[in-house]
Amino acid sequence: QRFKLERYISFNTTVVSVEGGPGRWHVVVQDAAGHQVDKGIYDAVAICSGAHQAIHKPKIPGLEDFQGEVIHSNYYKNNEPFRNKNCVVVGLGESGADIVREISEVAKSTVLALRSFPYLIPRLARPFHENPLGCSSDAFTSHLRHDYLLVPMQHYRRFRDFLNRLMCTIAALLFFLFPFLGTGDYHYKEDAFNQDAKANYVDKDTLYSRNVASLIYHWCNRSGQQELGQKFACKNVMFMNKVATGRILVNASGIDHIAGEAVVFQDGTRAPRCECLVLCTGYRDVFPFLKGNIGDSGLPLSVPENNVRGLFKHVFHPQIGKSMAWIGFARPSTGGIPACAEMAARYFALLLANQRELPYDIAQRTAREGKLDERYYCLSPDVKTLVGYKDWMDSMAELIGCEVQLWRYVFQPKLFVRLCIGSLLPCQYRLRGPGRLKEAKTTVLSLPVAATRWQSIVEARDTWRRHLRLKRLWPGDE
């Protein structure tokens, strides 16, 4: 309503087909009455259908002969159908973590079947960090932590990153000496979930306990994260209390096969009587409305090899260029899809307005970055949309012209400290460049620095040790 967009939106409409070539796309839709309508030719198309459209059903030997009920998490509504039943839940993401916890509250027995241990991030940061303000864990994703401790070394450029690393170190020292620059008069009685900030919660309705903390550490250490590569991080530990008390039994060896009503695992153990098999196994990227070839090229109009890493920045097809964009298919391992989608949309708009151009070596860059991501996220091979949040956002900001140049703010100490070691808010990319907003500065200043002074100092020291090659933070750090 604010921008009067309703007149441009066709509600209750299904896209039947998009076909043609760069700059000339023929679109056919189906209206609410079921009639096909030819919408004509368009200069550009944005595909924003989302990465969670078609369910992924794993190929498990014996599944077709399973005697119980099989349900995918896409169809889960509540836990009532599972009351007093023996259940096996397969897979774990944020939704899976909620589902397995809810089912365990009413089921006769609940087994969580995994192929490997997940990397867990408590949403209130404990037990990983001190959290006196009760901030959510994403408040710790600063330039200092998220970029210089986590981004692959191959993505760094010497002078720019030396300068930013120096700025973050200065900010950490300023915060250590003058804490009011980062915290002000914040005295929160409630944490990010409106719970008592002094009660020591690790997540929503999940109090800290030594058993839960030990389990989280144990799972993270066994996940292979960093030692063997990177994987999708599960930002939900509400179910861990049920694991600690035995309401949820965990097998992380993977399912070998199903025999009748028994689920047999790779380690030889079995869930002898399974009445409900719940598949929290994710989704596939599908685009059934894309038809034919790309113009006269003979190349199919589709995502290359059905892998969005074949798109430049997960957005642009190298053989199509700027007239078609896949928006919403960059999924940060830690971070939010909407922030990435907004950056992609900003760049797409600038391209269509002829204010920016795609890189001349788009195909080579896409292949190079795709190979690096395949290697970097080798522990989550089925999640092709994964990107590093800070790394990806910074690369898009450079294309747009809205980079967060920390040195610009050194004489505004409160803003400078919060930019360097405060929460990595998406509005930081609205401080300058096309689409800048005057409200961005106010938003950055409105949030305190979540990390303690000592944490910031230690992280600043470790960035220098890593980048001067004095210490590898994990085997394979490159």
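The model is predicted, so local features need pLDDT of at least 70 and side-chain atom pairs count only at pLDDT 80 or more, while totals for chains, interfaces and linings use all residues. Residues are numbered from 1 along each chain as its sequence is written, and side-chain values use heavy atoms, with hydrogens and water left out.

Next, select Arg115 and Asp382, which form a salt bridge (a side-chain nitrogen of Lys or Arg within 4 Å of a carboxyl oxygen of Asp or Glu), their closest N and O atoms being 3.2 Å apart. Both Arg115 and Asp382 are exposed, where exposed means over 50% relative accessible area, buried under 20% and partly exposed in between (1.4 Å probe, protein chains only).

Then move to Glu342 and Arg430, whose side chains meet in a salt bridge at 2.7 Å, N to O. Glu342 is partly exposed, with a relative accessible area of 30%, whereas Arg430 is buried, at 15%.

Finally, select Asp98, Arg101 and Glu105, which are linked in a network of salt bridges. Within this group, the closest N and O atoms of Arg101 and Glu105 are 3.5 Å apart; Arg101 is buried, with a relative accessible area of 14%, and Glu105 is partly exposed, at 42%.
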